[in-house]
Structure formats: structure tokens, C-alpha cells
Protein chains: 2
Amino acid sequence: MTRRILVIGIGAGDPEHLTVAAVRALNETDVVFLVTKTEATEEMRAFRLELCRRFIEPGRTYRVAEVADPERDRTAPAYAQSVEDWRGERIARYEELIAGLDEHETGSFLVWGDPSLYDGTILVLDAVLDRGLVAFESEVIPGVSSVSALAARHRVPLNHAGEAIHITPGRRLASAGLPAGVENVVVMLDSRQAWRDLDDDVDIYWGAFLGTPDEILVSGRLAEVRATIEQHRDQARARKGWMFDTYLLRRRRMP
Amino acid sequence: MTRRILVIGIGAGDPEHLTVAAVRALNETDVVFLVTKTEATEEMRAFRLELCRRFIEPGRTYRVAEVADPERDRTAPAYAQSVEDWRGERIARYEELIAGLDEHETGSFLVWGDPSLYDGTILVLDAVLDRGLVAFESEVIPGVSSVSALAARHRVPLNHAGEAIHITPGRRLASAGLPAGVENVVVMLDSRQAWRDLDDDVDIYWGAFLGTPDEILVSGRLAEVRATIEQHRDQARARKGWMFDTYLLRRRRMP
């Protein structure tokens, strides 16, 4: 008997993005781990609890264990040390969560989108195993990524036949611009709005709060829709207090 | 009243990758469109029919309309013309399928993985609309991509924090090698086995027939597992008569 940890992709905002495998996994869960972050905490937390209420069968009992994701000191003069401290604290907190399970129990992390894409849970679990203080088996249940959700809502493919797709954090786009020789670029986690400074002749397919009642979609030639996106973004951010957006940039083809 | 076309992502091999939205969409379907291809036809066809049997409620009636994806003449001397002919034929066949629906009916295409990634259905539907002979509304239901399924089965993230991910067809990798400045490269549709000729010091996470009983997973430093993958690949191809594999290449970090 050993503890079992499930890393469940819950899709990108629409509760019906949950897969049949994810619903089954929820119903095998004894403890739902809720990792709360400072930003957007309450809405994300409520969404996960709502998934549990909706998809876990009435007869089943489960516990909820909450843990705050440690805050990262972004002002620290010793940046690398601060990242290491933050990482260590995170590993310790996850370890504690898992140690709280009984030997035969299953604990689940509910990960936004797909657990393989811009999410640290799998690596943190590896680090917990490396420390060797708690033993467990783990399984990853893939989910609908926000990249797939974005393309679906715009009803466009991410690429045309034979083309490549590049997925990049906003930080890289801001510093290096569009990568050469790639027609399709998906940008995630772009708090700097790197698209504002792009001169390239591209179409943009932009989406915020995908799959939720707050969803906003804008598409068109970047030069023509730049102001519209900026306006939507500012208004939504002011209203909700946070922003979660993703976008696809596609180089325009010669007519 | 107008015809409604659903493009449903069915995930990458595991029936339980279907989302709750996909199950709902199947249950709103009057006609399931089965597009059969020459390669791997029978298994893919059987899998889709099995999904219908398993997830469409017993009381509901639906029809199945089959269409053969036109064969592409890859030996034609006029290659560009041959692609155009093939494309036109495909559009005509899809148009005919949709025209076969009654005005108020819903027809669904069941697309492997996620419809936005290396699948032509959305673009063919756009072309059918452009011709203006049949009118319809369409909706895309995103799915678990084979990229997410691959990472989940290997229990690895596609990238580490701050890194980009590049998704490319095998053909491009064979001609241009690993793109510069990208740590993580996912290769799809690689009939040429481009990984065999790579000299780069990378880890490979390789998977074939993901999520199915035939699934094969191999991972390790490319130089060390090259022969193993080749052997597994040849044996499986000989046994099943076809091969569907995907892999992640990750540049090795300095220790």
C-alpha cells in the first residue's frame, strides 16, 4: 500500500472540459489539494470546489486540504537565491500535504488546463520524491489546454498543413520578438502585453477568461485590433481585478 | 433553422479522454460523419463507433455517414496541381455529407486528439462555406491533444518555467534539424523517423499508440535509446501494419 497522487488537468475554464478520466479520478480522490495563489485566488478556488460538487458522486466523501502557494519575493536583491528559497518552500508545503494522507489514500491536485503546459506541479512532485521523506505513486491525467480552448473558441486551427507551432511565454516574446521561420506563435502568461510592441504583419486570435461567462474574444489583423484588445483588457482587468489571457499570432500570407 | 456541424476532439486513443462537452455533443448528434483514410482505417473507424456506442445514451437514435478521404496522388509529376485536385475533392465530399443533413439536424466530425492541431477539418469546413452551396453553423469542441497525452504518460512537463515549446512536423525536423534557441521540441507526423539522424544531445520521450492497449513508451538520452525505439517501432509496425507515434525532444541541461 502506498499513497497515490493524481495530477488532474481540469481544462481551461469550462467545467465541461473535464474528461471522463478526470471525472473518474475525482471520484477516486480522498483528499482534494487546493493550492491557492494570491492572484485570482477566490475565483480559482471556487471553480475547483464547484467541479468537486458537480462531478463527485453524492455518496462519496472526500476532504479538502488547502495550501497557500508561497509568495515569491520579486524585490529581493539576490534574485537567484530568492527563487531557490521559494522553490524549497513550495516543495516543503507539498510534501506536508502528501504526508497528511493515510497510507492507502489518494490525493489530487486540480491543475488548470493541461498539467504538462506551464505548470510546476509535476516537477515539484519529482522534487518531493527526491527528498525521500514521503513515498507515493503518481499519475497525470491530461487535460484540454488553454491553447486548444483558444483555437476552438475562435474556430481556427493552430497551424496550416506542414507548418510548425511555437508556444512561448510573453517574457520571451517581449525580449526576442517573433521567432524566425515560424508561422504560428501562441503566447501564454503575458503580463507585459508583448503584442503591443510587435511590428510584424500578423493576425491575432486573442482570448481572455476562455470558457467562462467572462470570456472575451477578439481577432483580426494586429494593427487593426490592437486598440480594441487593449480596451477590453483594461476594462476586464479593472472589473475583475485580474486577467488571464492567451493568444495566437499568425503571420499573414501573401494573397 | 440551419444545419449544425460539430467538430469534436476525441482525444488521443483513450476513450476516457473524451470531455464532458464531447459526450454532450455526441448526444446532440443526428449524423456521425466517419471519414475513413486508407491507412489505419479499420482500427480508427472501429474506435469512433465504439465511442458512439459507449457514450451515446441508449434511447437516442443517430445515423452514421461514411466518406472516404480522397487519396492523394503523391507520384503525380505536377505536385501542386495534385494537391489542389485532392483539396477540391475533399471539399466536395464534405459538402455532400453536410448537404445530406436535414435543415434542423446536427452532424459531427470526430477528430483524433484536438481539432486545432494538425487536422484539416476546420479549414475544409471554411472552404465549404466559402463555396456557398450549403449553409451551416459550426462549433469546435477542443480535445486532449496527443502532445498532452504523451507528456502525461511520461509524467513530464513539456517545458520548464520560462521556456518555449516548439511543435513541428517530422518533415521540417528532417530538413532543418532542431530549431535554435528552443529547449523543448515536440515532433508529430514523423514518417521519416527524423530522430534517427539527430546528433544533438537531447533526451527523448517517445510514445506510440498512446492511451491504447498497444501503447509503447520509451524515454532516455537519445544516443542511448535510439536502437530501442527503432526496434519497438519496427516490431509494432510489422505487427499492426501502421504506426502512430509522437515524441518530445528536450535539450540536456548542464549538470
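Which residue lies over the face of B:Phe209? Hello everyone, let's start there: it is B:Lys240, at 4.8 Å from the ring centre. Please keep in mind that what we have on screen is a predicted model. Chain A has its own version, with A:Lys240 over the face of A:Phe209, at 4.8 Å from the ring centre.

On to how the two chains are arranged. Chain B superposes on chain A by a rotation of 180° with 0.0 Å of shift along the axis, and the RMSD is 0.0 Å. That is the relation of a two-fold axis. If you want to find the axis from chain B, look for B:Thr19, whose C-alpha comes closest to it, at 1.9 Å. As for the interface, 100% of the interface residues of chain B are also interface residues in chain A, so the copies meet through the same surface.

Next, the aromatics. Searching the whole structure gives 10 aromatic pairs over all chains. One of them is A:Tyr94 with A:Phe109, a stacked pair at 5.0 Å centre to centre and 10° between the planes. The pair links helix α3, which holds A:Tyr94, to strand β4, which holds A:Phe109, and the two residues are 15 residues apart. Both A:Tyr94 and A:Phe109 are buried.

Last stop: A:Thr246, in strand β10 of chain A. Its relative accessibility is 2%, so A:Thr246 counts as buried, the cut-off being under 20%. Leaving aside residues up to four places away in sequence, A:Thr246 touches several residues, including A:Leu150, A:Val187, A:Tyr205 and A:Trp206.

Key. Residues numbered from 1 in each chain as written. Chains lettered and ligands numbered in written order. Predicted model: local features only at pLDDT ≥ 70, side-chain atom pairs only at ≥ 80, totals over all residues. Heavy atoms only, no water. Helix = DSSP H or I, 4+ residues; strand = E, 2+ residues; numbered from the N terminus. Buried < 20%, exposed > 50% of the residue type's maximum accessible area, 1.4 Å probe, protein only. Contact = heavy atoms within 4.5 Å. Least-squares fit on C-alpha atoms with pLDDT ≥ 70 in both. Phe/Tyr/Trp six-rings, centres within 6.5 Å; stacked < 30°, edge-to-face > 60°. Lys NZ or Arg CZ within 6 Å of the ring centre and 35° of its normal.
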